[in-house]
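I set down what I looked up, entry by entry.

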Amino acid sequence: MQGLPGALLHHLKNSLSALLPGSCALCRQAASITDMAVCAACRYAYFARQQERCLQCALPLPANAVSPRCGDCLRNPPAFDMTVAVCDYAAPQDQLVLALKFGHELALAPWFALMLRDSILRRPAFELPHYLCAVPLGTQRLAERGFNQALEIARPLSRQLGVPLHTGLLHRSRETARQSSLPIDARARNIRQAFSLDEHELHAVKDLHIGIIDDVMTTGMTMHEIATMLKRYGAAKVSTYVFARTPPHL
């Protein structure tokens, strides 16, 4: 495989590993081919328990919560209408996100999508969106990484849900610093007006329900900025779908 571009080489390696029995991405013990990326024991240990979460932002709710929304969403609701998250961004599940994003383990993306699909379908009275979109990366970040992890999750999720994926709808208007590298009070400024609709699609979202996909939601500011922009162009509802949600203390 020498001479192939880096991103293509990573894709081929991960495609081959997805077809062959290997080790669990969490415990590194042998996994059967039917286990995909994570073995049955780890799925049971780390993903079987369903956390009660805020309907809007997916932060964990206390056991005695009287509202489906957390206090922050009741006081200052974000522009997006609901969030589905598979798990907290905490050990050991966070290692899966890091492996996908920085370890180029692209074979994890279809498994993320499968877990996310199941979480979406478990939602009471769930409503599928008209389109799915991935949070876009800036040109520089995309060139550095070689792929957009949100788009890698979105492609199989689109097929699994039977919802069209609109890859050209959203654009990142400018490069931004990594949100995780900034203090909380700087993140809103960093992401403000960083996204736009494709100039040929300015009327494509009017009165529609749009689903936005990312690997992790930290503060929700990125999704809030995208949802604000979409609703400015007439979107009726914006749902966000993420593999992991960062707990408030991180």
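Entry 1. I began with the pairing of β7 and β8, which run parallel and are joined by eight bridges. One pair I looked up was Val-216, whose bridge partner in β8 is Ala-244. I note that the model is a predicted one.

Entry 2. I then checked how far β7 (residues 209-217) is covered. Nine of its nine residues are buried, so I recorded this strand as largely enclosed by the rest of the structure.

Entry 3. I followed β7 to β4, and found the two strands parallel, with four bridges between them. Here Tyr-131 has Ile-210 of β7 as its bridge partner.

Entry 4. I turned to β3, which is joined to β8 (residues 237-245) by six bridges, again in parallel. For Met-82 I found Ser-239 in β8 as the bridge partner. I also looked for a helix at this place: α5 packs on the sheet and touches β3 and β8, its direction making about 125 degrees with that of β3.

Entry 5. I wrote down the whole sheet as open, with four strands in the order β3-β8-β7-β4 and parallel pairing. Because β3 (82-88) and β4 each have a single partner strand, they stand at the edges, and one side of each lacks a neighbour in the sheet. On average, neighbouring strands are turned by 20 degrees against each other, direction ignored.

Entry 6. I located Leu-128 in the loop between α5 (108-122) and β4 (131-134).

How values were computed. Residues are numbered from 1 along each chain as its sequence is written. This is a predicted model: local features need pLDDT of at least 70, side-chain atom pairs count only at pLDDT 80 or more; totals for chains, interfaces and linings use all residues. Side-chain values use heavy atoms; hydrogens and water are left out. Two strands pair if DSSP finds at least two bridges between them. Axes are lines fitted to C-alpha atoms, for helices over the stretch in contact, and angles run from 0 to 180 degrees between N-to-C directions. Contact means heavy atoms within 4.5 Å. Buried means under 20% relative accessible area, exposed over 50%, partly exposed in between (1.4 Å probe, protein chains only).
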